[in-house]
Amino acid sequence: MIFTIFVENIYILKQTLLLFTFLSTFFTFSQEKYPQTYFRNPLGIPTVLAGTFGELRSNHFHSGVDIKTQGREGLKVYAPADGYVSRIKVSQYGYGKALYVTHPNGFTTVYGHLSKYADKIQKYVKSVQYKKELYETGNLFFKEDQFPVKKGEIIAFSGDTGSSGGPHLHFEVRNTKTENIINPLFFGLKPVDTKPPTFLALKVYPLNKNARVNNKNKSTVVSLKSIAKGKYKVDKISASGTIGFSVNVFDQLDKASNKNGIYSLEMFVNGKRYYHHDVETFSFAESKYINLHIDYPHYKKYSKKYQKTYKESANKLSTYKELINNGRVNIKNELNYNVEIIAKDYEENTSSLKISIAGKESNAIFTQPKDTTAYKIIAKNFYKFTQKNVTVAFPKNTFYDDVYLDFKVDKGVAKIHTPTIPLDKSFTLTFNVSKYSEAEKQQLYIANVENPKYPWYQYTRKKDSTFYTTTKTLGKYALVSDTHKPKVNILYFKNNQWISKSKTIKVKISDIGSGIKDYRATLDGKWILMEYNHKKRILTYNFSDKKLVGSKHIFKIVVSDNVGNTNTLSTTFFKKQVN
């Protein structure tokens, strides 16, 4: 018996050692996967976030974190580790001035909305811009020995360029080989966060024709009750058949009022987890599936994003974890169900929403209106429809599901369904313009006219008797004429004025029609680089770019809109070169 006990103790010891070895290996692997101390803070100020990784944005998930810069531009941006500048891209929109640093540990860090680059990089970028005579550079790729950087070296300065809503630094971490994006908080970036997420509302959906929620066969928004910090509940719901849920939820970090995204969402039914997703990592290719992850029709109607706790069949997001019945809940008659939805931020501050459901078959008579039109679309097939002078063509798998399309043309306005259905691909919209004169064609463009007061220019390709565009947005479209040339006004000085103390030339430009397409500025007959702040509609030239010869100078700028209307401004000023 003593021998048996001894053998059992040896077995237990071996199992304990194996478990210890496994856990040690697991944690070591995790540390190697996401090193905690390898990267330093890219800014020299405490980390406060204006936006979190995986946050719900328009047509995509946020691919990084937005670090606040105290409302200022020009803060020094430091290399978080050794590496080399592998790519630079200057764009009017998107990331604006962006910089990529590749590190030897297999990761690449990305910086967006910069105001300018470190001196040697800035000099190179400007040389490219002046050589091409273009502000936008496209992607510039570099080898390891061209711009090597050391940890803590200044690589750029923060700004507000591109599609930025205010001064901040957009910061990403990517897997260098796959380019998958990873939550930067896994790499030791630690903003202070002690607040749990906030639930705003719950929405419940009957997911088949026989399902009911509170005796109705349509989705219902349910008001919440806050019962304690991070604790919410709703009044008891009656339901039957297959149902699903979505929640309007956000997170706030300390020292910031921004309503940010959550890290994970889970749903338990009678204690069993049916749904789970988190935003540890994802690829750019799958980001478009946000429009299936949220209640897209609700968002398009009310501008509020509800995250579903069930998965649509066409949704290919990799962020879902071990779903049961794809998060759908089957409610049976006379049974009770306790549903709990749990939202967490990265620091695992947690909020929970409890839902009590009584399984109750409804006696209410409900007939779903038959959804039919003359244009039935099977998602896997190609379709082309024509009415009057308008043709729409949908490639295979443009739609995620089969649909009856509402397509009509009335008084020149083409209604292609409503913009409440998300699309996977772009469709082509073509207008026959043979009835217009050549002069009229010159002024015409295709516009989205969902808001008829503010037509939205669509990139219009013109071929003789047809104009066409491609878009992923359903809705109303029409041909619109633009006969107005852009407005151009020079700021802060007048013609023939001395401006010896001025460091810049600033010009304000605007257009009330098709929008600004291009501008070209020269100083004494030579092209100059003018940076366009499209939010303020101001172009700026810095006199430090080139040496002036003499004291009299001629500045000229030509601004064009999207149909070719142009406006030219020319002015003379006097300024001596200051050494």
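First, the model. This is a predicted model. The mean pLDDT of the protein chain is 93, and 93% of the residues reach 70 or more.

Next, the cores. The largest nonpolar core has 109 residues, and the members that touch the most others are Leu202, Phe245, Ile341 and Phe555. Strand E19, residues 237-250, contributes the most to this core, with 6 residues. There is a second, separate core of 26 residues, including Tyr383 and Val433.

Now one of the sheets. Five strands form an open sheet, in the order E31-E32-E38-E34-E35, with antiparallel pairing. Its edges are strand E31, at 407-410, and strand E35, at 456-457, each pairing on one side only. Strand E34, residues 444-448, is joined to E35 by 2 bridges. Across that pairing, Ala447 stands opposite Tyr457.

On to the salt bridges, of which the structure holds 20. Lys126 pairs with Asp545, with the closest N and O atoms 2.3 Å apart. Lys126 is in helix H2 and Asp545 is in the loop between strands E45 and E46, so this pair ties together parts that are 419 residues apart in sequence. Lys126 counts as buried, at 19% relative accessibility, while Asp545 is partly exposed at 22%. The cut-off for buried is under 20%, so the two residues fall in separate classes.

Another pair is Asp295 and Lys203, at 2.9 Å from N to O. Asp295 sits in the loop between helices H3 and H4, and Lys203 in strand E14, so parts 92 residues apart in sequence are tied together. Both Asp295 and Lys203 are buried.

Back to Asp235. Asp235 forms a salt bridge with Lys225, with the closest N and O atoms 2.8 Å apart. Asp235 lies in the loop between strand E18 and E19, and Lys225 in strand E17, 10 residues apart. Lys225 is partly exposed too, with a relative accessible area of 38%. There is also a network of salt bridges linking Glu266, Arg273, Glu322 and Lys344.

Last, a single residue. Thr572 lies in strand E47, residues 566-574, and counts as buried at 14% relative accessibility. Leaving aside residues up to four places away in sequence, Thr572 touches several others, among them Lys494, Gln497, Lys552 and Ile554.

Definitions and conventions:
Residues are numbered from 1 along each chain as its sequence is written. This is a predicted model: local features need pLDDT of at least 70, side-chain atom pairs count only at pLDDT 80 or more; totals for chains, interfaces and linings use all residues. Side-chain values use heavy atoms; hydrogens and water are left out. A nonpolar core is a set of buried Ala, Val, Leu, Ile, Met, Phe, Trp, Tyr and Cys residues joined through side-chain atoms within 4.5 Å. Buried means under 20% relative accessible area, exposed over 50%, partly exposed in between (1.4 Å probe, protein chains only). Helices (H or I, at least four residues) and strands (E, at least two) are DSSP runs, numbered from the N terminus. pLDDT is the predictor's confidence in each residue, from 0 to 100. Two strands pair if DSSP finds at least two bridges between them. Contact means heavy atoms within 4.5 Å. A salt bridge is a side-chain nitrogen of Lys or Arg within 4 Å of a carboxyl oxygen of Asp or Glu.
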